[in-house]
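Keep the viewer open as you read.

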Amino acid sequence: MKMEDVTNAEEVKQEIVKKLEYLRDNPRLEATPLIYHLDVAAMYPNIILTNRLQPVAVVDQATCAACDFNRPGNNCQRELDWRWRGKYYPASKGEVKMVQANLEVNQIPKLEIPDWRPPFGQEDDPDVKHVMWIDINSERQRNTLIKKRVKEYGTKVYKKQTVTVEEDRKSTICQRENGFYVDTVQAFRDRRYTYKGLTRKWKGELKNAKGELDKQNAAKMVTLYDSLQLAHKCILNSFYGYVMRRGARWYSMPMAAITTHIGGTLIKMSHHLCNRLGRPLELDTDGIWTLMPGTFPEEFDLLTPNHPKRKSTDCVAARLRLPRHTGDR
């Protein structure tokens with residue numbers, strides 16, 4: 001729909017402005033509140049599709065320098081922000097060396113050593129409760145002991161085991177990379193939309209069914225397609241969570257962090273908007289519950305030569321803030 005086709009655009013604008021000016025001029029008023037649930041449909045899959053986020057698309061300067069398409073004006077790179085969070089032990093390097101030296105000269109209880117086994121060619125004596133550092137041959141067991149003692153040292157000296165650090169980072173996303181991951185997300189999203197449409201269709205069939213047999217068949221189809229769309233929803237929401245898991249085939253922390261960072265920023269912007277117009281009640285990962293005054297311009301009808309269309313004011317206001325996060329798409 002184009003604005004040139006709308007015949008009552010000026011009247012709708014004046015009506016909305018009048019109601020908003022009334023709310024601005026009367027910040028304290030008694031009105032019946034309206035409860036809204038602003039939900040972003042398929043929020044995180046659409047973030048992946050809009051920015052073509054996929055594990056192999058996170059590139060660096062060396063990769064771009066060797067690319068034939070890296071020329072001025074190609075616009076094949078998109079820099080996106082994300083927030084890195086890490087934990088480290090408060091003990092310094094010298095203090096860790098001190099803890100390790102203490103382990104090397106003192107006896108260590110067997111119970112502290114994970115999966116303890118005696119050195120090769122020796123038998124385990126149950127009467128011996130302690131061993132020396134030199135008797136521990138496994139590097140993993142030694143590292144586990146050092147970590148445990150460093151945690152205990154940090155708890156005693158610094159009153160905490162770990163320190164959390166956050167910092168802002170940027171990553172470059174290649175827009176010309178083979179979109180196998182993006183295509184898979186889009187296929188699942190479109191298939192879920194198909195099943196949701198079939199669910200609504202069969203709910204209408206169930207409502208209009210006359211005979212008992214027709215009602216049973218319609219109810220079965222509603223259950224079938226609703227289950228399929230829920231299964232696709234769970235899989236869609238796991239596309240960015242999967243790449244966050246260490247050891248995954250397509251592990252990419254920057255991609256997962258960019259996805260959640262953009263989603264969190266959009267929810268914060270929606271919260272700021274709702275806070276100016278009403279009172280937010282609850283924030284979710286992809287939506288927000290909020291109270292709006294009863295005098296808020298809830299909906300408006302746009303008249304076109306073909307047929308009228310109804311729009312929601314709050315949804316339009318939220319969309320005006322999206323281009324900064326969606327680029328030129």
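Val 12 is found in helix α1, residues 9-25; helices here are DSSP runs of H or I with at least four residues, strands are runs of E with at least two, and both are numbered from the N terminus. Before going on, a word on the ground rules: this is a predicted model, so local features need pLDDT of at least 70 and side-chain atom pairs count only at pLDDT 80 or more, while totals for chains, interfaces and linings use all residues. Residues are numbered from 1 along each chain as its sequence is written, and side-chain values use heavy atoms, with hydrogens and water left out.

Back to Val 12, which counts as buried because its relative accessibility is 8%. Buried means under 20% relative accessible area, exposed means over 50%, and partly exposed is in between, using a 1.4 Å probe and protein chains only. What does Val 12 touch, not counting residues up to four places away in sequence? The partners are Phe 300, Asp 301 and Leu 302, where contact means heavy atoms within 4.5 Å. The C-alpha atoms of Val 12 and Leu 303 are 9.8 Å apart, although 291 residues separate the two along the chain.

Zoom out, and the protein chain has eleven helices and ten strands. Its radius of gyration is 30 Å, well over the 20 Å from the globule rule for 329 residues, so the chain is more spread out than a compact globule. That radius is taken over C-alpha atoms, and the rule is 2.2 Å times the number of residues to the power 0.38. The C-alpha atoms fill a box of roughly 90 × 60 × 60 Å along the principal axes. Of the 329 residues, 32% count as buried. Among contacts between residues at least 6 apart in sequence, 71% join residues at least 24 apart.

Now for the rings. The structure holds six aromatic pairs: rings of Phe, Tyr and Trp (its six-membered ring) pair if their centres lie within 6.5 Å, and planes under 30 degrees apart count as stacked, over 60 as edge-to-face and the rest as tilted. Phe 180 and Tyr 181 make an edge-to-face pair, 6.1 Å centre to centre with 85° between the planes. Phe 180 is partly exposed at 31% relative accessibility, whereas Tyr 181 is buried at 6%. Tyr 195 and Tyr 225 have ring centres 6.1 Å apart and planes at 25°, so that pair is stacked. This pair links distant parts of the chain, with Tyr 195 in helix α6 (residues 180-208) and Tyr 225 in helix α7 (residues 212-237), 30 residues apart.

Ring pairs also link Phe 180, Tyr 181, Phe 188, Phe 239 and Trp 250 into a cluster. Two of those rings carry a charge: the charged end of Arg 191 sits over Phe 188, 5.5 Å from the ring centre, and that of Arg 249 sits over Trp 250, 4.1 Å from the ring centre. To qualify, NZ of Lys or CZ of Arg must be within 6 Å of the ring centre and within 35 degrees of the ring normal.

Helix α7 has buried residues at Ala 218, Val 222, Tyr 225, Gln 229, His 232 and Leu 236. These pack against α2 (43-51), α6 and α8 (239-242). Finish at Ser 252, in the loop between α8 and α9 (253-277). Ser 252 is buried at 6% relative accessibility.
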